[in-house]
Amino acid sequence: IPGHHMLLSVKEGYYTDDTDEAFVRLVFEEYRGVGGIVEKMEDYADSCIKLSLYCENGAQGLYDLFYSRWKDRFIINVSGAKWVDINAYGATKGSAVEWLQEKYGITSEETVVFGDNYNDISMMKRAKRSYASELSNPDIKKAARYVVASYEKDGVLSVLKEILKEI
């Protein structure tokens with residue numbers, strides 16, 4: 001799809017067959033991603049956790065198209081202004097938090113999560129202390145129990161310092 005770049009997430013990291021310099025720099029240098037450029041994405045399809053699409057002109061249009069076609073088969077979320085995530089049912093941040101809670105005996109009262117986009121809502125439902133950035137979409141702020149200052153104001157750090165004082 002012209003103007004779009006694909007990133008396949010697996011347990012070990014993520015991969016693309018895209019050699020666009022700006023996209024590769026974004027994913028592997030700015031985001032400091034673990035993985036790389038591969039010859040054939042198909043080699044990683046069986047271990048795929050998530051497919052992310054970077055949309056140069058914004059995510060909403062592609063999200064609308066994919067959601068209308070595949071909402072019954074996949075979980076599809078806007079995960080940033082230019083990102084769309086496609087997950088299998090059961091492969092969400094919420095299910096990951098639930099797994100950690102069950103494995104380590106952590107209650108929702110003991111769970112703290114921070115999020116800023118639609119792909120974070122499922123984990124916000126698993127934690128009594130769920131925080132959305134003040135820069136988030138109103139839907140995300142509504143899903144969280146609390147709104148925290150933006151990263152520009154060290155909002156997450158401030159909350160973590162307060163939590164440490166409670167311990």
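Tutor: We will take the terms one by one; note that this is a predicted model.

Student: Why is Thr16 called buried?

Tutor: Buried means under 20% relative accessible area. Thr16 has a relative accessible area of 0%, so Thr16 is buried. Thr16 is found in strand S2, residues 13-16. Leaving aside neighbours within four places in sequence, its contacts include Met6, Leu7, Phe23, Phe28 and Met41.

Student: What does the side chain of Thr16 reach, and what makes that a polar contact?

Tutor: The side chain of Thr16 reaches the backbone nitrogen of Asp18 at 3.0 Å. A polar contact needs a pair of N or O atoms within 3.5 Å, one able to donate a hydrogen and the other to accept it. The value of 3.0 Å is within that limit, so the pair counts.

Student: Why is Arg129 called partly exposed?

Tutor: Partly exposed lies between buried, under 20%, and exposed, over 50%. Arg129 has a relative accessible area of 22%, so Arg129 falls in between.

Student: Which side chain does Arg129 join through a polar contact?

Tutor: The side chains of Arg129 and Glu166 are joined by a polar contact of 2.6 Å. Glu166 is also one of the residues that Arg129 touches, not counting those up to four places away in sequence; among the others are Ser108, Val113, Tyr146 and Ile163. Arg129 and Val113 are 16 residues apart along the chain, and their C-alpha atoms are separated by 6.5 Å. Arg129 itself is found in strand S8, residues 129-133.

Student: What makes a group of residues a nonpolar core?

Tutor: The residues must be buried, of nonpolar kinds such as Val, Leu and Ile, and joined through side-chain atoms within 4.5 Å. The largest nonpolar core here has 16 residues, and those with the most contacts inside it include Leu53, Phe66, Ile76 and Val84. Among the elements that give two or more residues to this core are strand S4 (50-55) and helix H2 (60-70). Val84 touches Leu53, Tyr63 and Ile76, among others.

Student: Which residues are closest to the centre of the largest pocket?

Tutor: About 480 Å³ of space lies in the largest pocket. Of the 23 residues that line this pocket, the closest to its centre are Lys50, Asp85, Asn87, Lys93 and Asn119. S5 gives the most to the lining, with four residues.

Student: What is noted about phi of Asp154?

Tutor: Phi of Asp154 is near 55°, a positive value in a residue other than glycine. Asp154 lies in the loop between strand S9 (146-148) and helix H6 (155-166).

Terms used
Residues are numbered from 1 along each chain as its sequence is written. This is a predicted model: local features need pLDDT of at least 70, side-chain atom pairs count only at pLDDT 80 or more; totals for chains, interfaces and linings use all residues. Side-chain values use heavy atoms; hydrogens and water are left out. Buried means under 20% relative accessible area, exposed over 50%, partly exposed in between (1.4 Å probe, protein chains only). Contact means heavy atoms within 4.5 Å. On a 1 Å grid over the protein atoms alone, a cavity is a set of points where a 1.4 Å probe fits but cannot get out, and a pocket is an open set with protein on both sides within 12 Å along at least five of seven lines; lining residues have an atom within 4 Å of a point. Grid points are joined across faces, edges and corners, and a volume is the space filled by probe spheres set on the points.
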